[in-house]
Amino acid sequence: MSAVETTDERASILLVDDMEDNLIALEAVLGSLNEPLVRARSGEEAMKALLRQRFAVVLLDIRMPGMDGFETAANIKRLDQTKDVPIIFLTGTDADAGYAFRGYATGAADYLTKPFDPWVLRAKVTVFLDLHRKNQQLERMLAREQEQFDELADRLEKIETQMAASSLQDVLELRHQVHQMEELLHEMREMRRGRGI
């Protein structure tokens with residue numbers, strides 16, 4: 001794997017809580033994952049962070065002054081560039097029983113009550129980190145495939161232009177170009193078979 005791919009696969013985690021102690025606890029639990037942890041002390045700060053960079057997952061406290069967790073989640077899900085970011089809601093054990101339902105209705109991927117089991121939280125976050133990495137790999141693979149299709153289309157266009165103006169002596173060059181395109185198509189088919197597409 002190249003250094004660029006390794007850097008691209010870093011998956012930032014957004015921690016949103018108005019309480020310093022809660023942020024410190026989350027950092028202690030998730031620090032061993034060796035992924036960037038970004039803090040936000042309010043829903044407004046969380047939205048700014050989400051608009052600046054991509055995140056693999058958001059851990060979002062429900063009870064916050066100003067924009068609470070539900071409103072923040074609704075705003076996250078409303079924007080095209082952030083709507084697919086998974087949200088794990090965190091709330092105290094004394095929370096209203098309807099919080100879980102409201103959280104899932106707002107678009108949460110999961111819901112945990114505090115105090116949470118560190119192993120469970122780390123396991124849940126790890127699943128979203130893995131999904132984020134797989135999505136990034138798929139995006140890179142699709143971009144490479146699109147580049148190959150674009151290259152093939154350009155070559156075909158050049159051949160059509162050459163054929164329209166060619167004489168018999170140009171036929172050998174055209175055959176060589178067709179052979180190169182056949183090799184590229186074969187390579188692309190093998191890549192698709194390897195992915196089970």
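User: In this predicted model, what makes helix α6 stand out in the lining of the largest pocket?

Analyst: Helix α6, which spans residues 118-165, gives the most to that lining, with five residues. The lining holds 17 residues, and those closest to the centre of the pocket are Arg-54, Phe-55, Asp-84, Val-85 and His-132, while the space in the pocket comes to about 350 Å³.

User: How do you know which classes of residue line the largest pocket?

Analyst: Sorted by class, the lining has seven nonpolar, five polar and five charged residues; Gly is counted among the polar ones.

User: Why are the buried residues of α5 said to lie on the same side of the helix?

Analyst: The buried residues of α5 (residues 98-106) are Tyr-99, Gly-103 and Thr-106, and because they cover an arc of only 65° around the axis, they fall on the same side of α5. The cover over these buried residues includes α4, β4 and β5 (110-114).

User: What is found on the face of α5 turned away from its buried side?

Analyst: That face carries Phe-101 and Ala-105, which are exposed, a term that requires over 50% relative accessible area.

User: Which residues touch the most other members of the largest nonpolar core?

Analyst: Among the 23 residues of this core, they are Leu-14, Val-16, Leu-50, Phe-55, Val-58, Leu-60 and Phe-89. Helix α3 supplies the largest share of the core, four residues. Leu-14 touches residues including Val-38, Ala-46, Leu-50 and Phe-55, with those up to four places away in sequence left out of the count, and contact here requires heavy atoms within 4.5 Å.

Technical notes
Residues are numbered from 1 along each chain as its sequence is written. This is a predicted model: local features need pLDDT of at least 70, side-chain atom pairs count only at pLDDT 80 or more; totals for chains, interfaces and linings use all residues. Side-chain values use heavy atoms; hydrogens and water are left out. A nonpolar core is a set of buried Ala, Val, Leu, Ile, Met, Phe, Trp, Tyr and Cys residues joined through side-chain atoms within 4.5 Å. Buried means under 20% relative accessible area, exposed over 50%, partly exposed in between (1.4 Å probe, protein chains only). Helices (H or I, at least four residues) and strands (E, at least two) are DSSP runs, numbered from the N terminus. On a 1 Å grid over the protein atoms alone, a cavity is a set of points where a 1.4 Å probe fits but cannot get out, and a pocket is an open set with protein on both sides within 12 Å along at least five of seven lines; lining residues have an atom within 4 Å of a point. Grid points are joined across faces, edges and corners, and a volume is the space filled by probe spheres set on the points. The arc is that of the directions from the helix axis to the C-beta atoms.
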